[in-house]
Amino acid sequence: MALAKRIIPCLDVDNGRVVKGVNFVDIRDAGDPVEISRRYNEQGADEITFLDITATHEGRDTTVHTVEAIAAEVFIPLTVGGGIRKVEDIREMLNAGADKVSINSAAIREPEFVKRAAERFGSQCIVVAIDAKRVEGDEPRWEIFTHGGRKPTGIDAVEWAVRMADYGAGEILLTSMDRDGTRDGFDLAVTRVITDAVSIPVIASGGVGNLEHLAEGVLEGGADAVLAASIFHFGEYTVQQAKEHMASRGIEMRL
Amino acid sequence: MTAGTVAVIDYGMGNLHSVASALKHVGAERVLVSHDPAQIGEADRVIFPGVGAIRDCMAEIRRLECDKLLLDVLESRHIPVLGICVGMQSLLTHSEENGGVDCLDLVQGEVRYFGDDHRDADGARLKVPHMGWNQVQQTLDHPLWQGIENGSRFYFVHSYYADCADRALVAGRGDYGVGFDAAIARDNLFAVQFHPEKSSDAGLALLHNFLHWNGQA
């Protein structure tokens, strides 16, 4: 009897539509985040992460309605990230039915924001997203990058994770910018070093191309949860198959 | 017995949207989210939720007189009550959180911390909070467990856990490095550490059972 490791499918949503293509065999509308969330829930997803990439202010209203619609019929934890900049943004998403929000660049601009958010809403709903990229040097070292991995910040990823945990983050969502989109698997080294450095759960993200990558994230990276988008979207694997594979590698899963 | 009106007691701590929509999803005819005694007085059953730090929860429970409300529904009106997460913890005598906080003492027991360097029996480090899907061993036959397989997984997120003094009240046990009380039951009260509203089919089944429970074990 033990806590299960989690599988978290991630949806990138722009103006209320899932982008990056979703291709289930019997889905009516491949861009509808509600239908896709329902599908992942049926497949046994442990949580759902919804990454809002809507650029316009007006589009935020659409995001709120989408979150409300998902929360009204999918009864597993829902995390919303993207565009969370102020306390009011967090309140809006939680009121819409999100269970957690993921904070990324706003934390870099103003680290105290994470502290205020955790004090106001509780650590359990504050996820800090870290986009880390390996930098050249004698020792392995990772730095936080912004703007989709283009802009270095000079911040050491491990020190940042520790600081964010101290500030009250309840969880770290760690994305390797070197691996994101490559399908080469997680950056297991940075996953391991950050998992060991903090006492809060770490979600590994970026680079999943097959089911064994998910298992490696837990077995070698030490991650508490694994996040993936494309391997599920394109119908290559169901969440259920991913869970069965991980269980067959000796990982505790909710089957 | 029909589901009728369910009141979710709102003392300002956390988001009650999920609980309310899960209740509607499993057939609640009417869901009120309120701390108004007149509104709670109309309810046929009551949910007592809670998230966040216990000191803030207890302060708001007392300031809004939700403690009196709870006593009224539990001991005068005898309607079914379901405590969730910090709502369950606040029923106990005392919590170690925030340097020690006195709770409602409706159920004798202590709320304890998992610890900063929490480890399993093999010495492997366990993250705190205990976050995710863990199994619950049903230790009592109870109408709220009906149709839910023993050992089903529910979604937890907590750093503190209940340790009841009267072991006869323990309805479910969890294990996270240490065994803890995941559910307690006494008369018309049932309380759970996990979040049924976030626990997919198993959680929805428990909420459905609650809507059809007559308040007797």
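Modeller: Quick ground rule: contact means heavy atoms within 4.5 Å. This is a predicted model, where local features need pLDDT of at least 70, side-chain atom pairs count only at pLDDT 80 or more, and totals for chains, interfaces and linings use all residues. Residues are numbered from 1 along each chain as written, chains are lettered from A and ligands numbered from 1 in written order, and side-chain values use heavy atoms, leaving out hydrogens and water.

Colleague: OK, which residues of α8(A) and α10(A) meet?

Modeller: Leu211(A), Glu212(A), Leu214(A), Ala215(A) and Val218(A) of α8(A) meet Gln241(A), Ala242(A), His245(A) and Met246(A) of α10(A). Helices here are DSSP runs (H or I, at least four residues; strands are E, at least two), numbered from the N terminus.

Colleague: And which residues are buried in α10(A)?

Modeller: Val239(A), Ala242(A), Lys243(A) and Met246(A). Buried means under 20% relative accessible area (1.4 Å probe, protein chains only), with exposed over 50% and partly exposed in between.

Colleague: What covers them?

Modeller: The cover includes β1, α1, α8, β11 and α9 of chain A.

Colleague: Anything just after α10(A), say what phi does Gly250(A) take?

Modeller: A positive one, about 85°.

Colleague: Switching topic: how many residues are in the largest nonpolar core?

Modeller: 80, and those with the most contacts inside are Leu23(B), Leu70(B), Leu82(B), Trp145(B) and Phe190(B). A nonpolar core is a set of buried Ala, Val, Leu, Ile, Met, Phe, Trp, Tyr and Cys residues joined through side-chain atoms within 4.5 Å.

Colleague: Which helix gives the most to this core?

Modeller: Helix α6 of chain B (residues 200-211), with 6 residues.
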